[in-house]
Amino acid sequence: MKIERVSLRRIRLPLVAPFRTSLGVEHERPALLVQVTTAEGEGWGECVAGADASYSSEYLEGAEDVLRRHLVPRLLATDSVSAHAVAPLLAAVKGHRMAKAALETAVLDAELRALGISFATGLGALATRVPSGVSVGIMDSVPELLDAVETYLAQGYRRIKLKIEPGWDVVPVRAVRERFGDDLLLQADANAAYSRADAPLLARLDEFGLLLLEQPLDEEDLLGHAALARRLTTPICLDESVVSARSAADAIALGACHVVNVKPGRVGGYLEARRIHDVCAASGIPVWCGGMLETGLGRAGNAALAALPNFTLPGDISASDRYYATDITEPFVLKDGHLEVPDGPGLGVAPLPDVLAAVTTAVSEVR
Ligand code: NPQ
Ligand code: MG
């Protein structure tokens, strides 16, 4: 395929409720959409970088800048490009995985649409629906948290993830476990808010039978996670630390995790995400699909990825209305606690023109 032009579109979606994590509080989701146009048709990708560099070193303005100056020009300068050729073409630019992922996803979407193949089929998935989990933010009080969890469970969510931080950990986890019982699939995510010295505190979570404890320590602290994994009975899961199939293999070899959260944006795209799935499967390490408050575009790709066989734990792939009153695509809805995996060509969804126009704050083209 020859890429004719690439549009970079900034959008802003209000969140239905503030989302607080150890990284900060979000009231709206600014996002960056990448649209590639080829002779065979178009394709879409969503960049998951946040407004601030709080989750990772990437942030939206930076992603847009590197796409415009360094990444898109490399694709435009190539006579013919396939999705599998994108990462090698962009490898001379170090890092910027979220920006690269958005561009590769748009090319993959265009390619699969032209071939009439869905993302799920293209990635090798068989499942037609995936169980849906929900990430529950830090609240002002335990009663407020219990109300929120109760509402999500009533909607059918199959797994609850509690965001934790120092001062909001053992007490809310205990409260949710006691209120909703031992059968509830429950896990916690610290977004790197603890240090090695907190091991005794984190060990107190062991009594609550969590599925996993996600990213307690700094993203670069693999040995700290390995030490913690030896000390806790709760399985350690890595999110921020795993940026490639190689870093996943290293983390596993070091004993730094027994579960991996896979986010296509964090690792440079769906093709690398599948490699991580494969590396983990070969090591007997279960994976699940994380979430970055994606619009329906990113949600569609994530649902397809999560349909691969080693995604054995429910992901943070919630219904659209968990975050947005109006999604930019046809909304994803919960059916019996599951989301359907789109089976149309490419991502199987596309932005609704009216909604897209209403939430767009800027568009620019790179030719
Ligand atoms: C996680 N996501 O697993 C992330 C963290 C996260 C659903 O818990 C703006 C954009 C703010 C993306 C805050 C969930 C965000 C963000 C937190 C992602 O660690
Ligand atoms: Mg996480």
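Student: Start with burial. What percentage of the residues of the protein chain count as buried?
Tutor: This is a predicted model. Burial is judged by relative accessible area, and under 20% counts as buried. Of the 367 residues here, 59% count as buried. The chain exposes about 14,300 Å², and carbon and sulfur atoms supply 51% of that area.

Student: How many helices and strands does the protein chain have?
Tutor: There are 13 helices and 13 strands. Then look at contacts. Among those between residues at least 6 apart in sequence, 73% join residues at least 24 apart.

Student: Which residues are the protein donors of the magnesium ion (ligand 2)?
Tutor: For a metal, list the donor atoms, then their places in the chain. Asp189 (OD), Glu214 (OE) and Asp239 (OD) lie 2.1 to 2.3 Å from the ion. Their spacing along the chain is D-x24-E-x24-D. Glu214 sits in strand 8 (residues 213-214), while Asp239 is in the loop between strand 9 (236-238) and helix 9 (245-254), so this pair ties together parts 25 residues apart in sequence.

Student: Are Glu214 and Asp239 buried or exposed?
Tutor: Both are buried.

Student: What should I look for in phi?
Tutor: Most residues other than glycine have a negative phi. Asn191 has a positive one, near 45°. Asn191 is in the loop between strand 7 (186-189) and helix 7 (199-203). With a relative accessible area of 5%, Asn191 is buried.

Student: And what is phi for Asp336?
Tutor: Positive, about 55°, although Asp336 is not a glycine. Asp336 lies in the loop between helix 12 (296-305) and strand 12 (338-340). Its relative accessibility is 54%, so Asp336 counts as exposed.

Student: Where is Ala51 found?
Tutor: In the loop between strand 3 (41-47) and helix 1 (60-76). Ala51 is partly exposed, at 43% relative accessible area. Leaving aside residues up to four places away in sequence, Ala51 touches Pro30, Tyr59 and Leu60.

Student: Last one: how far apart are the mean positions of the positive and negative charges?
Tutor: They are 3 Å apart, for 35 positive and 48 negative charges.

How values were computed: Residues are numbered from 1 along each chain as its sequence is written. Chains are lettered from A and ligands numbered from 1 in the order in which they are written. This is a predicted model: local features need pLDDT of at least 70, side-chain atom pairs count only at pLDDT 80 or more; totals for chains, interfaces and linings use all residues. Side-chain values use heavy atoms; hydrogens and water are left out. Helices (H or I, at least four residues) and strands (E, at least two) are DSSP runs, numbered from the N terminus. Buried means under 20% relative accessible area, exposed over 50%, partly exposed in between (1.4 Å probe, protein chains only). Contact means heavy atoms within 4.5 Å. Accessible areas come from the Shrake-Rupley method with a 1.4 Å probe; for residues, only the protein chains shown count as cover. Lys and Arg count as positive and Asp and Glu as negative; His and the chain ends are not counted. The place of a charge is taken as NZ of Lys, CZ of Arg, CG of Asp or CD of Glu. Donors are N, O and S atoms within 2.8 Å of the metal (3.2 Å for Na, K and Ca); water is not among the atoms, so sites may look incomplete.
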